[in-house]
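Hello,

Here is the structure I promised to pass on to you. Have a look at it first, and then read my notes below.

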Amino acid sequence: MPILIVLHRETSTPGRVGNVLRALGYGLDIRRPRFGDALPETLDDHAGAVIFGGPMSANDPDDFVRREIDWIAVPLREQRPFLGICLGAQMLAKQLGAKVAPHPQGRAQMGYYPIRPTAAGHAACPGWPDHVYHWHCDGFELPAGAELLAEASDFPVQAIQAGHAFGFQFHPDVTYAMMHRWTTRGCERLALPGARERHHHFADRAQHDVIERAWLNRFLDGWRARMPMSVMSQAAE
């Protein structure tokens, strides 16, 4: 069965996450609710779902933002593999009742920053990178009942798990081409407090990307295996 992919811009792609899932044999059912695409009432016809990032905030009043946050109740209720990346992670946090907000001192993360996996993070997936790529101004608190998988300094909550649902504040999906687009079209964000200068994005990628890419492959391989066995048996019939 395909993986449901939720994107937020007309030009957005699932990047490296999409590449890994295709290599694992999955088709991608790409939806853009912002532009009128509906989300399924159940994930019976999907192997899992991923909500990606975007320039908007999980606190925005737009109808599609509210609908996506509400829709996350579907994979949570059906115990299906769900992954939220950046905005998608903040939407997951809001669905679970946690606060999403800008940094209190107005700091942002644009570029590579250190990350500290917790014991629960190492148990969920070994071999974490010590730096990961970020592109965000908002952060989120740890929802009640969720496990903290990784933490950092300016934005303490970096990765969470709630059952079969995971949320990453960082961007393991970013390809080299995406990094060029973001640092060019969004260059004004690189002047925000805490953001890295553009040349550091590419120099740091040369140092940290190999480990982040290997970790993502391991994570997604384990993530997709979280589908209930009953559903996998039905799909094989």
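This is a predicted model: local features need pLDDT of at least 70, side-chain atom pairs count only at pLDDT 80 or more; totals for chains, interfaces and linings use all residues.

Residues are numbered from 1 along each chain as its sequence is written, and side-chain values use heavy atoms, with hydrogens and water left out.

Let's start with the sheet. Helices (H or I, at least four residues) and strands (E, at least two) are DSSP runs, numbered from the N terminus. Eight strands form an open sheet with mixed pairing, in the order β2-β1-β3-β4-β12-β11-β10-β7. Its edge strands, β2 and β7 (116–117), each pair on one side only; two strands pair if DSSP finds at least two bridges between them. β1 and β2 run parallel and are joined by four bridges, with Val6 opposite Arg31 in β2.

Next comes helix α1. This helix lies across β1, β2 and β4 and runs at about 150° to β2. Such angles run from 0 to 180 degrees between N-to-C directions, with axes fitted to C-alpha atoms, for helices over the stretch in contact. Which residues of α1 (residues 15–23) are buried? They are Gly15, Arg16, Val17, Gly18, Val20 and Leu21, where buried means under 20% relative accessible area, with a 1.4 Å probe and protein chains only. Their cover includes β1 (3–6), β2 (28–31), β4 (82–85), α6 (176–185) and α7 (198–224). Just after α1, Gly25 has a positive phi of about 105°.

Now the loops. Ser12 sits between β1 and α1 and counts as buried because its relative accessibility is 19%. Leaving aside residues up to four places away in sequence, Ser12 touches Leu7 and Arg32; contact means heavy atoms within 4.5 Å.

Asp173 is in the loop between β12 (165–168) and α6. With residues up to four places away in sequence left out, Asp173 touches several residues, among them Pro14, Phe52 and Met178.

Enjoy exploring!

Terms used:
Buried means under 20% relative accessible area, exposed over 50%, partly exposed in between (1.4 Å probe, protein chains only).
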